[in-house]
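My notes follow the order in which I checked things.

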Amino acid sequence: MSDLTRVDLLRLARSEGIGPVNFQRMLAQYRTPGAALAALPDRAIRAGRPTPPKIPSRDAAEAELAGTEALGGRILFRGDADYPPLLAALPDAPAALSVLGNPARLARRAAGIVGARNASAAGLRIAESLSAELAASGILIVSGLARGIDAAAHRAALHPGLTVAAIAGGLDKIYPPEHADLQAQIAERGCVVTEAALGTVPQSRHFPRRNRLIAGLSLGCVIVEAAQKSGTLITADLALRYGREVFAVPGSPLDPRARGGNALIREGAHLVETAADVLRDLPPYPDFSAPFSMGFAEPVSPWGQGGQDAWCDLDQTLNVVVGLLSPVPVTVDEVVQRCQFSVSAVLTVLTELELAGRVEFLPGGLVALLPT
């Protein structure tokens, strides 16, 4: 892949209104990132956007690529040989993945270990034990570099170098700040990954996408201490949406930090007491030489060119789809099931709505109407 193509891919990935799903659809329709970039302003205006979307300049994209390399990292695009196959299988896989460390680690059989930031001493000990034993068995440990359970899991897997930190901000914006040394050690022995652009300061809205990376890189996620309605449970929910296994360590009903994990077990998550419980039910690594996909299908034929959508009216489809959407996220599959149009028609309309700034695609194949 030429340097010019990589610059254009990064510009498209960072353009306003282009999420992971739209990135793939624009490339499928226009074939090259340069052609997609050229079509983007008019396409967004036709979709109802009052002003053209912001597109990073070539200089800005080149600066981000150079800045990432200066840190010792790389930016991987979906389709690159080193892009993690398990992540690429997701319908909303990141268009651009910034990597610090050895990207070969990302193609290993992996388990996520996540949990409470204000973890108990017992929870920390369990996370360390599970992480160390799983890493000793050759399992890559994926977590989010947060305080508490995440940090304990990373540290326990550092010696064999089998840990990956998925972070919410740019590679140069370490959070929490006291984990600067830990991130450096993980980058040296394992790998640090993020979907965020260089210079991005992590904010609350970035963490669900960080959680998507943890779930997407793992064959299963282990929950160690999670309060109800916690961010940890977002990771568990994403794992379920992606067809990955969910494990949970049981805890005392008197401890609020155990209620989320206990609820997952009641709902069917694998109960975990030792690493052997995870090893027994963690799936084998998929064979990517054979067809493999997860989530909704993504036809690439342009709108109106044959198939069952040739007769459809774009405005009619748009009105029906908008009527089914609200600020409460729903899956694309659910939208398809509740209208008479095909996946191709619905995704085409959602592409237009995202370009117009009216909807947002969220991790896990969800879509929500943005406030006007």
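I began with the UniProt record, an unreviewed entry, which places the feature "domain: Smf/DprA SLOG" at residues 75-282; its positions are given in the numbering used here, its feature names are shortened, and its annotations may be inferred rather than shown by experiment. Over residues 75-282 I read 36% helix and 18% strand, with the end C-alpha atoms 29 Å apart; helices (H or I, at least four residues) and strands (E, at least two) are DSSP runs, numbered from the N terminus.

I noted that this is a predicted model, in which local features need pLDDT of at least 70 and side-chain atom pairs count only at pLDDT 80 or more, while totals for chains, interfaces and linings use all residues. Residues are numbered from 1 along each chain as its sequence is written, and side-chain values use heavy atoms, with hydrogens and water left out.

Next I took the domain assignment, which gives domain 1 (3-71), domain 2 (103-281) and domain 3 (314-369), the bounds coming from an automatic or database assignment. The centres of domain 1 and domain 2, taken over C-alpha atoms, are separated by 31 Å. Their contact (heavy atoms within 4.5 Å) takes six residues from domain 1 and eight residues from domain 2.

For the interface of domain 1 and domain 2, I found zero salt bridges, the rule asking for a side-chain nitrogen of Lys or Arg within 4 Å of a carboxyl oxygen of Asp or Glu. On the side of domain 1 that touches domain 2, helix α4 (residues 58-70) gives the most, with three residues.
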